[in-house]
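The stops below are given in the order in which they may be selected.

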Amino acid sequence: MRKEKDTMGYVEVPNDAYYGAQTQRAFENFPVSGIKIPIDLIRSIAIIKKSAAIVNHSLGKLDLKIRDAIVTASDEVVDGKLDQNFILDVFQTGSGTSTNMNVNEVIANRASEILGGKIGQKKPVHPNDHVNMGQSSNDVIPTAIHVSAKIAIVKKLMPALDKLSEKLAVKVDEFESIIKIGRTHLQDATPITLGQEFSGYRASIDKGINRLKGTYDSISQLAQGGTAVGTGINTHPEFGGEVANQISILTGVDFRESENHFEAQANQDSSLEVSGALKVLAVSLTKIANDIRLMGTGPRCGLGELILPPVQPGSSIMPGKVNPVICESTLQVCAQVISNDLAITLGAQSGAFELNVMLPLIGYNLIQSINILSNSINIFNDKLLNELKVDKKKCESYIEKSLSMCTILVPVIGYDKTAEIAYEAYESDKTIKELLMVKGILSESEINKILDPMKMTFPSK
């Protein structure tokens with residue numbers, strides 16, 4: 001162990017650790033959950049530190065050698081080479097100061113080492129004076145939440161959603177001529193094509209994509225430059241805008257300085273807006289996954305309209321059983337995202353005067369929601385939709401037996417007479433067509449023409 005000093009005194013820190021005294025104190029203060037700050041958030045903070053070093057040098061505030069060392073050390077954080085040094089629990093100080101200092105200390109010690117200094121000496125690179133120059137935890141952590149969230153959405157979630165929309169479009173075409181019974185209230189309704197049903201799924205995903213894109217304007221605005229309370233004390237007036245530009249260059253994702261730094265640090269409305277869009281998406285995916293697994297019930301004693309690809313044995317006691325596990329995994333992810341939205345909502349309510357003090361909670365839940373949705377959608381695409389098939393004969397048999405086929409008769413023979421036929425067909429266990437034939441209400445050619453299920457799916461044509 002080595003002894004390090006901070007403003008509160010001496011602390012023992014592991015010899016091989018790049019973090020320092022403040023990180024060690026926070027580690028000892030918050031042994032709460034074992035859930036660490038997401039590595040995506042850590043890497044975004046490192047991108048901020050790299051950008052800040054470049055900008056501070058360009059503004060004449062940071063020596064070239066120190067800038068380069070900070071840049072190199074920051075790159076190592078982004079590349080995952082120092083991951084073991086980020087040890088802090090999510091449930092820590094509400095501003096995320098502990099995590100900001102964790103990153104500052106790691107980068108400063110590694111940068112000092114690069115320049116020939118010793119770890120723990122805070123020279124030639126100091127965690128506060130150099131790595132944190134022109135910054136505060138109060139603007140760094142809100143910035144990191146926005147940066148990590150937008151990068152994850154643009155580079156992970158959107159590609160997964162675009163692929164899902166494309167896969168559903170393929171199924172719309174593939175199932176265009178498959179007629180099945182529609183269902184309302186979980187009861188038989190009038191016919192629909194499976195393609196029409198899947199077109200509804202695709203439309204809900206496309207709307208979800210547009211909702212997420214609608215959050216880009218607010219999530220692109222960065223708090224950096226506001227420092228302690230939004231006034232920009234102890235930083236250059238051009239710092240915030242230049243850092244936003246530099247982050248955009250480094251990430252390939254567009255960011256800009258916040259229009260109002262007081263709002264950017266006191267509120268987390270933008271994170272809440274993104275979370276809300278993710279929640280709606282989770283609800284849409286829940287509907288799709290539930291419908292598919294219900295249509296796939298069986299294989300012999302359920303609906304059995306869809307044939308889900310078998311991906312693993314389904315039971316430890318029932319040989320041959322195969323379960324809709326991909327749907328079930330998706331449903332669990334969606335439930336977690338919806339739950340995360342509540343935590344983010346409660347966190348967003350914790351803005352007191354000039355600072356929100358549930359930033360680590362908000363950041364953790366938002367990043368988790370984006371990541372697990374992205375991963376789950378990719379699995380849903382690859383292991384379910386790709387090989388999803390339909391039992392055409394089963395769909396046709398349900399159409400033939402459905403009492404709701406009589407709905408098309410209402411304009412011809414009236415509602416009351418049609419209802420009588422439906423009840424009698426049910427009691428006698430006959431199809432609507434059979435009963436009409438027996439009663440001679442319509443000719444066979446009229447019956448066949450009127451009860452054409454495909455025409456019922458496009459009644460206006």
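Select F175 to begin: this residue is buried, at a relative accessible area of 1%, where buried means under 20% relative accessible area, exposed over 50% and partly exposed in between, with a 1.4 Å probe and protein chains only. The model is a predicted one, in which local features need pLDDT of at least 70, side-chain atom pairs count only at pLDDT 80 or more, and totals for chains, interfaces and linings use all residues. Residues are numbered from 1 along each chain as its sequence is written, and side-chain values use heavy atoms, with hydrogens and water left out.

Which ring lies edge-to-face with that of F198, with centres 5.0 Å apart? The partner is Y201, and the two planes stand at 65 degrees. Rings of Phe, Tyr and Trp (its six-membered ring) pair if their centres lie within 6.5 Å; planes under 30 degrees apart count as stacked, over 60 as edge-to-face and the rest as tilted. F198 and Y201 are 3 residues apart in helix α7, about one helical turn, and both are buried.

By this rule the count comes to 2 aromatic pairs. F175 and F198 form an edge-to-face pair, with 5.3 Å from centre to centre and 75 degrees between the planes. Because F175 lies in the loop between α6 (137-174) and β3 (179-184) and F198 in helix α7 (residues 194-213), this pair ties together parts that are 23 residues apart in sequence. Helices (H or I, at least four residues) and strands (E, at least two) are DSSP runs, numbered from the N terminus. With F175, F198 and Y201 all displayed, one aromatic cluster is in view.

Next, select K150. Its charged end sits over the ring of Y216, 5.2 Å from the ring centre. K150 also lies over the face of F255, at 5.5 Å from that ring centre. A charge sits over a ring if NZ of Lys or CZ of Arg is within 6 Å of the ring centre and within 35 degrees of the ring normal.

Move on to T227, in the loop between β5 (221-222) and α9 (239-251). Is this residue buried or exposed? T227 is buried, with a relative accessible area of 3%. Although not a glycine, T227 has a positive phi of about 50 degrees. A polar atom of the T227 side chain lies 2.9 Å from the backbone oxygen of I233. Leaving aside neighbours within four places in sequence, the residues in contact with T227 (heavy atoms within 4.5 Å) include G134, Q135, S136, N138, D139 and Q265.

For another positive phi, select D429, which is not a glycine and has a value of about 60 degrees. D429 is found in the loop between α16 (415-428) and α17 (432-439), and at 72% relative accessibility it counts as exposed.

Finish with the cis peptide bonds. Select K123 and P124: the bond from K123 to P124 is cis, with omega near 5 degrees, and P124 lies in the loop between α4 (97-114) and α5 (127-131). Then select G298 and P299, which are joined by a cis peptide bond with omega about 15 degrees; P299 lies in the loop between α11 (269-295) and β7 (306-307).

Methods: Polar contact = N/O pair within 3.5 Å; in protein donor to acceptor, adjacent residues only side chain to side chain.
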